Amino acid sequence: MTSIKRFAGFGLGLRRPHYHHFLEEDVDLDFVEVISENFMVDGGKPLAVLDAVRQKHEVMLHGVSLSPGSAHGVDRDYLDRLRQLAERIEPRWISDHLCWTRSSAHNSHDLLPLPYTAEALDVICANIMIAQDHLRRPLLLENPSSYLCFPEDEMTEWEFLAEVARRTGCYLLLDVNNVHVSAHNHEFSPADYLEGLPLERVRQIHLAGHTPGEIAIDTHDRAVCDGVWDLLGHALARTGPVAVMIERDDAIPPLAELLDELDTARRIAATASREVAA
Amino acid sequence: MSLAARQSQFILALMSDDAPLPETWQERQRKGYEVYRNAYRARLIAALEETYPRTARLVGDEAFRAAAAHHLITYPPTSWTLDDAGRGFALTVETLFPRDPEVAELAWIEWAMQTAFTTRDTRPLDGSGLVAATASFGDEAWQDLRLRFVPGLAVRQVGHDCMELWHLLGDEADLRAARALPPLSEAQGCVVWREGLRATFTMIDAAEARTLEAMIEDASYDAACDILIAAMGEERALSFAGAMLARWIANGWVGAIAP
Ligand SMILES: [Fe+2]
């Protein structure tokens, strides 16, 4: 399996309200990330837009339906479609989540939590190996936000994720907002989480806003909060320069507002790299 | 309990409040689970609202959400793509709103348009392509002519002026007028297809719609003409058939002449 080279830069998720900017202007970004499933179609406007954006930008494919944690196995039709899209778009890399989305019969269309057990570890590693073979490249696996921990858990999420990376050779997409949200929901320390991961395998970082509460929820509908910015600095000082981006999926503001928000990430990254140098 | 069994149980309980949760779960797990349960419903109903915005306006938000919830319980999603969640919703609303057939007609159009929007990119056959393909045709070849239509082309009979209904339910919706729209005196056909990068639809004569339906199902031109003859008599049918074929070509509905 090939390795994935580091790529440092700043990007945003490509979302429909901003298509016209990407098609008509030169948007100052190092890459865009798209939700793979939205473009795993036979033809028409979505692919025409993505082809045009690809002419100008590096593209990362970010999936939500691989369902690597399904005991039922991976969906070959899905993998075929994803490979077709990857062959067309030539993304920098392909990512999905540490989760499962479907049982043998049904699809939840949500990133559902896995029990962190030896059995689940075997399942997800086998599925990721199949997916990586099929896609002929290593994947990036993202830590999800979660709202429940199982009584049968045998290890922490970071131990589980580290072991998946070790066994499958996959890389990591570190979502610092998800670390923040899950740390709040399950009362663990975000610093412990980061310390427990093989950070040299992180190739991308996600930032997003969430809805605070007794159970914090990963809503991607508002600006990144201070706690998450702090965690970004903490993470970047350990990962070194990687691809950093903001995900915004609801209450989507004008593009200029997200570009401004991304400047905060640039400043934090600059500080982190000065700290590393010192 | 195996991971597979746990995952089946987890998903079944997302879909139904009555499905049991694991006995080992404490209050903490149950609270967390509620987040997934609410998100599942909200996400799928939102997906149906996105596919069927005009149907939702026509019946009103509350009735639409109830219909969407009913659809999701009857046909829980199985596909990896959320776009498929609304498959078959026109049939669901046909049973839920039996006295308002325009609801199912509109839902059918919205689904067919969503489907047409992302179909395979093809170049339709144009007039000169038709002339070239049929240049050597004798009578027999014409009678036996079969057409291949562009991907996404869909046709059905409708009892309402769906163009008008569509317009009344647009961004500046006139709900009162839409809900009061009387049925057509005679059924017509409605055709959905992709025109360039956008999905669109038009209304056609009922006999033409039956003819189109038959030819989509691989009927010959001769058999198609028989449908028209039965509907309008031989004399009119023959001139109608020629104009109809020209219209289909001009609309970009025909992909190719069958080999
Ligand atoms: Fe993320």
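At 27% relative accessibility, B:R146 counts as partly exposed. That class lies between buried, under 20% relative accessible area, and exposed, over 50% (1.4 Å probe, protein chains only). This is a predicted model, where local features need pLDDT of at least 70 and side-chain atom pairs count only at pLDDT 80 or more, while totals for chains, interfaces and linings use all residues. Residues are numbered from 1 along each chain as its sequence is written, chains are lettered from A and ligands numbered from 1 in the order in which they are written, and side-chain values use heavy atoms, without hydrogens and water.

## Salt bridges

B:R146 has a charged partner. The side chains of B:R146 and B:D218 meet in a salt bridge, 3.8 Å from N to O. A salt bridge here is a side-chain nitrogen of Lys or Arg within 4 Å of a carboxyl oxygen of Asp or Glu. The pair links distant parts of chain B, 72 residues apart. B:D218 sits in the loop between α11 (206–216) and α12 (221–232). B:R146 sits in the loop between α8 (139–143) and β1 (147–149). Helices (H or I, at least four residues) and strands (E, at least two) are DSSP runs, numbered from the N terminus. B:D218 is partly exposed, with a relative accessible area of 35%.

Over all chains, the structure holds 28 salt bridges. Three of them are set out below.

| Pair | N to O distance | Accessibility of each partner |
| B:D218 and B:R146 | 3.8 Å | B:D218 35%, B:R146 27% |
| B:R65 and B:E49 | 3.0 Å | B:R65 40%, B:E49 24% |
| A:E152 and B:R6 | 3.0 Å | A:E152 19%, B:R6 27% |

Salt bridges that share partners also build a network in chain A. It joins A:D122, A:E163, A:R166 and A:R167.

## Around B:R65

What does B:R65 touch, leaving aside its neighbours within four places in sequence? B:R65 is in contact with B:I45 and B:E49. Contact means heavy atoms within 4.5 Å. The C-alpha atoms of B:R65 and B:A42 are separated by 9.8 Å. Those two residues are 23 places apart along the chain.

## Where the chains meet

Chain A gives 51 residues to the contact, and chain B gives 39 residues. The area buried between them is about 3,500 Å². Buried area is the accessible area (1.4 Å probe) that two parts lose on being put together, summed over both. Carbon and sulfur atoms give 63% of this area. In chain A, the residues that lose the most area to chain B are A:H106, A:H109 and A:L148. Together they account for 18% of what that side buries.

How many salt bridges cross the interface of chain A and chain B? The rule finds 4. One of the pairs crossing between chains is A:E152 with B:R6. A:E152 is in the loop between β7 (140–142) and α5 (157–168) of chain A. B:R6 is in helix α1 of chain B. A:E152 is buried, whereas B:R6 is partly exposed.

Several elements of chain A give two or more residues to the side that touches chain B, among them α2 (45–56), α3 (76–89) and α4 (118–135). β6(A) gives the most, with 6 residues.

## Aromatic rings

The structure holds 22 aromatic pairs over all chains. Rings of Phe, Tyr and Trp (its six-membered ring) pair if their centres lie within 6.5 Å; planes under 30 degrees apart count as stacked, over 60 as edge-to-face and the rest as tilted. B:F10 and B:W25 form an edge-to-face pair, 6.2 Å centre to centre with 75° between the planes. B:F10 is in helix α1 (residues 3–15) of chain B, and B:W25 is in the loop between α1 and α2 (27–51). They are 15 residues apart. Both are buried.

Ring pairs also link residues of both chains into a cluster: A:W100, A:Y147, A:F150, B:F10, B:W25, B:Y33 and B:Y36.
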